[in-house]
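Here's a quick briefing to get you started. Have a look at the structure below, then read on for a tour of some helices, contacts and backbone details.

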Amino acid sequence: MRGDIKPNILIIDDSTLDLRLLIEMMTVRKMRLNVAFDGKDGYNKAVMQQPDLILLDVVMPVMDGFATCRMLKNNQRTRNIPIIFLSAASEVENRLEGFSLGAVDYVGKPYNEQEVIARVEVHLNLVLQCKGGANAKPDCDPVADMACRDSVLLRTATQYLRENLSQPPSPDVLAKLLGTNEKRLNQVFQNAFSLPVFAWLREEKLRMARELLVTTEIAIADIGEHFGYSSPANFAKAFRERFDCSARELRTELKKHNMS
């Protein structure tokens, strides 16, 4: 890493002990640091400050690390900032979750100082090579532009719900995961789709179920189970109410049409 450039690192962690260790490591190496104690504050600081790298804990109050990562990767201003998870939650499933959300690295706690610094410097060097290219920063100012922030919230919420169609969280849990409240979340969906969150989710599940019925040979009961319906009867009732025909009737009519 070039000595004349002081990289800007944002550390998001609620552990004062871990923060102190990280700050000592980084300041010795002449790195500029900013700190946030929860995911929501960290997300806001990342948007405003545009750090070169983010060190992110997983288990935190207000908004956890995975939800924070989702928000950052869905915001045009922050999607290209490399994120390294530093967490005691270091099981394989946690690591895979972190990488699937777009993190560039995942280091388990308690961590080795040389390992952390080596990984940080690798990714900072990549950032410096890309400056002015893929990491160019757009002009949008989401602090002043509520529409920009709502767009990020909407993309993150719809992405999360599509990833958890069979077992979506309750409205209050979803809002907490995204660092907001139910009222604002519903308003964002109402503005975009003219539906509150879980009315949109119901429509989305039935739309996707209909698409599977039309384009695949998957058993109807399996489709219903995939989208979280507790029984074939519940799926059949919801499908008929939405499309004014049963799933079986739709598939039968489609087969007749294809044969004619």
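At 1% relative accessibility, does Val152 count as buried or exposed? Val152 counts as buried, where buried means under 20% relative accessible area, exposed over 50% and partly exposed in between, with a 1.4 Å probe and protein chains only. Keep in mind that this is a predicted model: local features need pLDDT of at least 70, side-chain atom pairs count only at pLDDT 80 or more, and totals for chains, interfaces and linings use all residues. Residues are numbered from 1 along each chain as its sequence is written, and side-chain values use heavy atoms, with hydrogens and water left out.

- Val152 sits in helix α6 (residues 146-163); helices (H or I, at least four residues) and strands (E, at least two) are DSSP runs, numbered from the N terminus.
- Leaving aside neighbours within four places in sequence, Val152 is in contact (heavy atoms within 4.5 Å) with Tyr43, Met71, Asn74 and Asn75.
- The C-alpha atoms of Val152 and Leu72 are separated by 8.5 Å, and the two residues are 80 apart along the chain.
- Over in helix α3 you'll find Arg70, which is buried, with a relative accessible area of 7%.
- Not counting residues up to four places away in sequence, Arg70 touches Glu97, Leu101, Thr156, Tyr160 and Glu163.

**Helices α2 and α3**

- The axes of α2 (residues 39-49) and α3 (residues 65-73) come within 9 Å and cross at roughly 20°; axes are lines fitted to C-alpha atoms, for helices over the stretch in contact, and angles run from 0 to 180 degrees between N-to-C directions.
- That's why α2 and α3 are roughly parallel to each other: angles under 35 degrees count as roughly parallel, over 145 as roughly antiparallel, 65 to 115 as roughly perpendicular and the rest as oblique.
- On the α2 side, Gly39, Tyr43 and Ala46 meet Thr68, Met71 and Leu72 of α3.
- The residues of this contact split into four nonpolar, two polar and no charged; Ala, Val, Leu, Ile, Met, Phe, Trp, Tyr, Cys and Pro count as nonpolar, Asp, Glu, Lys and Arg as charged, and the others, Gly among them, as polar.

- Helix α9 (residues 197-215) has 19 residues and reaches 27 Å from its first C-alpha to its last. That's close to the 27 Å expected, taken as 1.5 Å times one less than the number of residues.
- Buried residues in α9 include Trp200, Leu201, Leu206 and Ala209.
- The axes of α9 and α11 (residues 232-243) come within 11 Å and cross at roughly 95°, so α9 is roughly perpendicular to α11.
- Among the residues making this contact are Arg202, Leu206 and Leu213 of α9 and Phe235, Phe239 and Arg242 of α11.
- The residues in the contact of α9 with α11 divide into seven nonpolar, no polar and six charged.

- Most residues other than glycine have a negative phi, and most peptide bonds are trans.
- Val62 isn't a glycine, yet it has a positive phi of about 70°; look for Val62 in the loop between β3 (53-56) and α3.
- Ser194 has a positive phi of about 60° although it's not a glycine either, and it lies in the loop between α8 (182-193) and α9.
- At 55% relative accessibility, Ser194 counts as exposed.
- Lys109 and Pro110 are joined by a cis peptide bond, with omega about -10°; Pro110 is in the loop between β5 (105-108) and α5 (113-130).
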